[in-house]
Amino acid sequence: MRRFIVPAVLAFVILAMLAPPGFAQAPAPKVTITGLFDQISSLGRNTYDGNLTRNSDKEWYARTRFRPDFEFAVGRVKAVLGLEIDVQYGQSGPNDGGFPGNTSGSACGAAAGASGGNAGATPPGGKVNISGCYDLNGDVAGIIEIKWIYTEFPLTGRDSLLPFIPIETMARAGGQPFGTLAQYKLAAYANGDFAGISAITTVTPNVKTNLTYVILEDELAGANRGNPSLKISRGEDYSLISSVDITPFKGLDLKPLYSWFHAGGQTSGSARRNLYNPMTAGGQLSATAARGTPDSPPAAGNPNYHEDRHTIGIDARWRLGPFGLDPTFYYQWGRVDSQAIVSGSGATGGTKKMTADMSAFFADVIGSYQLGPLLLEARGMYTTGNRAGDNLAKGIRYYQPLDTDGTYWGGGWSQFWSPGVDYFNQGWARTGAWIGYDRYGRVGLAGRATYNITPALSVYGVVNAMWTAEAVDTDTASQLATTSGVGTPARRTINQNSFVQGDSNYLGTEGNLGLTWRFSANADFNLVGGYLFAGHALDASECSNGAATCSPNLTRKKDAQDAYTLAARVRLAF
């Protein structure tokens, strides 16, 4: 009987898949173009090089962003191609940044450099994140970025790839946005774009499941052969995200989440935070020496040095008349391997493979109340961190999102720490990407009031204060942080007194005033000014002889200075 049932079931499945769709006439193909044009100009002072103790960095520049999405649809199947062009007004480097003429590997012909211990002292050829500089007579070539390139199709249900499964599932394959696959709140865990597969299954009208497989890095055939010290492959790095959308009643949405992230050797600086740690081989968590055996470690790291990180929690949104509440709570745990310096009794200063345990907590709550034309909002957040003297090779207590695309705390809550009207000026400490400040975690309190004078014109004010969960050691140097490559930390070692004891938790308070004017159909004008009162946790140390590191008697500590910004943007959405 068993020998008969199995072939019969297989035959039924094959016939169901080969059966022609049940519609009488094929739908007509349709092409839709949506997107936006941004024209932005901004000026400011003192945050561009990541070191607020030196306030000579100031600028006034302008740029354009063109962000179109092309949708090619036939019935319920569609393919989407998203492009992006970011061009600065005028040439600010050795050339306009176009390729193939620009062989520097950096927009406008030059990367940001360093002068002694002051990282970022030599500015880049073009504004951070732009693709090129529009110089006299234009003709800037080779600067189109591919943002999305995916196909969306019905996986199960009617007229689907697997029509014999009655429950409807819509799937996407290719380069696609995270959207709300992981959470409702902007960039609390996963935001931006990724390559992989996602599937949304409608179980009932009030319950949907989301399953996502993210491919961060891949290893091709034969990449694991040859001399280990010459390997260029960084192994198989991936993440699985599972969440459920539950609407128990109108006005309340719940989204429980579980995610597993795995990496071997080195990985993206957006997914794993690189930090200075004196007890790690190479001095940084993502140094070449830290992710492989001590004998000629490859730059790609050793794939046998694993990281397995688990995140579980819930995001929610509740609307009850004029009242709104958006709480988010996540807990994270796991283990990560690195090459670290052996310490303790009898230690000789050698290194060995060590495993750090992870345990971190993240909370973010937004409350709102609509009082006629006045919208009042308050927001608070907290995430754990490590103390200044902790050995990160043994224990990690700071929260790490999978990817935020630098947008956490965005949406108008800050003009200094996360994307604002000019969304290219807030990456100096990478708190929009990594959420916490360096290793120290984060505490934030903010309030915002928005008054709609007319349906087309509104004004708003924001006050945003920030601290760290653990005190910052200001006997360290401050530098421009990035997520590029394996990442560049906001704080670095300057002498043997660095990362020993914390000095201050207060990062500062900013105040912003702005307006939004929807002056035409699909067009708006945004203007905002902001001032940051810098806290003592942004104080930093430097070497009096201009070197990157020096003895304590050549080190001087400097107070952080205030910063300001003014930005304007005209946006056309279509």
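Me: What do buried, exposed and partly exposed mean?
Reply: Buried means under 20% relative accessible area, exposed means over 50%, and partly exposed is in between, with a 1.4 Å probe and protein chains only. Glu-217 counts as buried because its relative accessibility is 13%. Glu-219, at 23%, counts as partly exposed.

Me: What sort of model is this, and how are residues numbered?
Reply: This is a predicted model, where local features need pLDDT of at least 70, side-chain atom pairs count only at pLDDT 80 or more, and totals for chains, interfaces and linings use all residues. Residues are numbered from 1 along each chain as its sequence is written, and side-chain values use heavy atoms, with hydrogens and water left out.

Me: How do I read pLDDT?
Reply: pLDDT is the predictor's confidence in each residue, from 0 to 100. The chain averages 90, and 91% of the residues score at least 70. Over residues 1–19 pLDDT stays under 50. It also stays under 50 over residues 115–119.

Me: Where do Glu-217 and Glu-219 lie?
Reply: Strands (E, at least two residues) are DSSP runs, numbered from the N terminus. Glu-217 is in strand β10, residues 207–217. Glu-219 sits in the loop between β10 and β11.

Me: Which residues does Glu-217 touch?
Reply: Contact means heavy atoms within 4.5 Å. Beyond its neighbours within four places in sequence, Glu-217 is in contact with Arg-234, Gly-235, Glu-236, Asp-237, Gln-266, Thr-267 and Ser-268. A polar atom of the Glu-217 side chain lies 3.5 Å from the backbone nitrogen of Ser-268.

Me: And which residues does Glu-219 touch?
Reply: With neighbours within four places again set aside, its contacts are Asn-224, Lys-231, Ser-233, Gly-235 and Glu-236.

Me: How do I read a pocket?
Reply: On a 1 Å grid over the protein atoms alone, a pocket is an open set of points with protein on both sides within 12 Å along at least five of seven lines. Lining residues have an atom within 4 Å of a point. Volume is the space filled by probe spheres set on the points. Here, the second largest pocket has a volume of about 300 Å³. It is lined by 24 residues; the closest to its centre are Thr-180, Leu-181, Ile-200, Asn-210 and Asp-245.

Me: Which element gives the largest share of the lining of the second largest pocket?
Reply: That is β8, with five residues.

Key
Helix = DSSP H or I, 4+ residues; strand = E, 2+ residues; numbered from the N terminus. Polar contact = N/O pair within 3.5 Å; in protein donor to acceptor, adjacent residues only side chain to side chain. 1 Å grid on protein atoms, 1.4 Å probe; cavity = no way out; pocket = protein on both sides within 12 Å on 5 of 7 lines; lining within 4 Å.
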